[in-house]
Amino acid sequence: MVNVQPFRGLRYNPDIVGDWGRVLGPPYDIVDAAQTAALKASSPYQIAHIETAAGDEIADAAQTLRDWQDAGAIVRDDAPSYYLHEHQFGDESERQVRRAIFGAVELTPWGEGVMAHERTMPGPKATRTALRSVVGADISPLMAFVPDADGALAELIDVAALLPPLYEGTDATGDFHALRRIDGANTVIRISDAFANDTIYMADGHHRYESALDAIDGRPGSRYVLMGIACAEDPALVVGATHRLVHGDVPASLLAQLGRNFRIVESDPPELAAGLPDGSSSLGLVTAHGLWLLEPTDSAGRAMPDDVPEAWRNLAPALLQHAVLEPLLGIDADALAAGRAVTYTHHLDELFEAVDDGSASAGFVLPAPTLQDVIDTADAGSFMPQKSTYFVPKLPTGLVLHSLD
């Protein structure tokens, strides 16, 4: 059973901040220093001034939020509400619309109504715990989904989408956003009931969830965390792929060694993409000498360690880690955690460019997992290898904030 509640949202006041879309920003973990600087320079009210704070900057971020509230740039709703976020993204010819309900989710250990599929690392959690505690609010929403097998939540979302928007705007990436407030007593109760009868699966924000657990204190709102929750049947709930770039020496015998566990087919970029449908267990290999599709054979499965859970032992990230990186390239979990042997990209053009210019010795192209892969892994109480999923696009930061007071 999941306890999701309406909350008194902290919202931007466009009369003070101007263009609402301009002050929205991406989560902290997908922008580099240059992008962060550009966001901050774009507006004195850009959410990046708070969202990206770390170390000694966190106290300044807390003061910034107080200053914005004192100036009326951030206002707080009088009554608890849910909020509906509409996100339009993609090319005009393939425009997609994803909708999510924003609510305050009671923090519980994983597996007690809120399910995880990904391991976390201690470094990011420490910073997010400090930011939440000192600033006193959830700045960026966690992204999640529910199966919604009976369609109850989807029906309520359709009704809420008819409400007039509080705000509309276009962010720096060109994505369109609209925010609606849901405060009708009957609808609020029905939304809470729909969540109570469902299970929440984390899509993005495992670090922030665990950080929020670590930051529970005497403030009533600290027992809840801000989430944007979509329905699994929403066609715009997209899981992307995360590809690997290998740095360091790759033996000339790699292809021959891979032939023990994979069927190797020489390929080109279009064929490679076609050979890696969502949920596939195949891999793509890119080196300076060519491109190959790697299709696992039965021996690849036998090469997997016995302790790899059944829920994801046939997924491409698991096969890559346990049948390629560790045994053939000597890149184990510790090497991955150090962050130098392997780096990650979500864009094939970046992977090809890195191999072409020599900044990476090889690239592995991975298919995206499916939502069912995520559900099966979480239900098994297991965790996929790190960087197995990448839900796109991310929920923006700054739509609405959740106060801990």
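This is a predicted model: local features need pLDDT of at least 70, side-chain atom pairs count only at pLDDT 80 or more; totals for chains, interfaces and linings use all residues.
The buried residues of H5 are Ile58, Ala61, Ala62, Leu65 and Trp68. Because these residues cover an arc of only 125° around the axis, they lie on the same side of H5. On the face of H5 turned away from its buried side are the exposed residues Asp60 and Asp70.

The surroundings of the buried side can also be named. The buried residues of H5 pack against strand E7 (137-138), helix H4 (48-51) and helix H6 (122-135), as well as against E2 and E3. Just after H5, Gly72 takes a positive phi of about 80°.

A search of the whole structure finds 14 salt bridges. In one of them Arg11 pairs with Asp77, and the closest N and O atoms are 2.5 Å apart. This pair links distant parts of the chain, since Arg11 belongs to strand E2 (residues 10-12) whereas Asp77 lies in the loop between strand E3 (74-76) and strand E4 (82-89), 66 residues apart. Arg11 is buried, with a relative accessible area of 11%, and Asp77 is buried as well, with a relative accessible area of 4%.

Another salt bridge joins Asp204 to Lys394, with 2.9 Å between the closest N and O atoms. Here too the pair links distant parts of the chain: Asp204 is in strand E11 (residues 200-204), and Lys394 is in the loop between strand E20 (390-392) and strand E21 (402-403), 190 residues apart. Asp204 counts as buried at 12% relative accessibility, and Lys394 counts as buried at 12% relative accessibility.

A further salt bridge is formed where the side chains of Asp217 and Arg219 meet, at 2.6 Å from N to O. Asp217 is partly exposed, its relative accessible area being 33%. Finally, salt bridges that share partners join Arg11, Asp77, Arg181 and Asp183 into one network.

Definitions and conventions:
Residues are numbered from 1 along each chain as its sequence is written. Side-chain values use heavy atoms; hydrogens and water are left out. A salt bridge is a side-chain nitrogen of Lys or Arg within 4 Å of a carboxyl oxygen of Asp or Glu. Helices (H or I, at least four residues) and strands (E, at least two) are DSSP runs, numbered from the N terminus. Buried means under 20% relative accessible area, exposed over 50%, partly exposed in between (1.4 Å probe, protein chains only). The arc is that of the directions from the helix axis to the C-beta atoms. Contact means heavy atoms within 4.5 Å.
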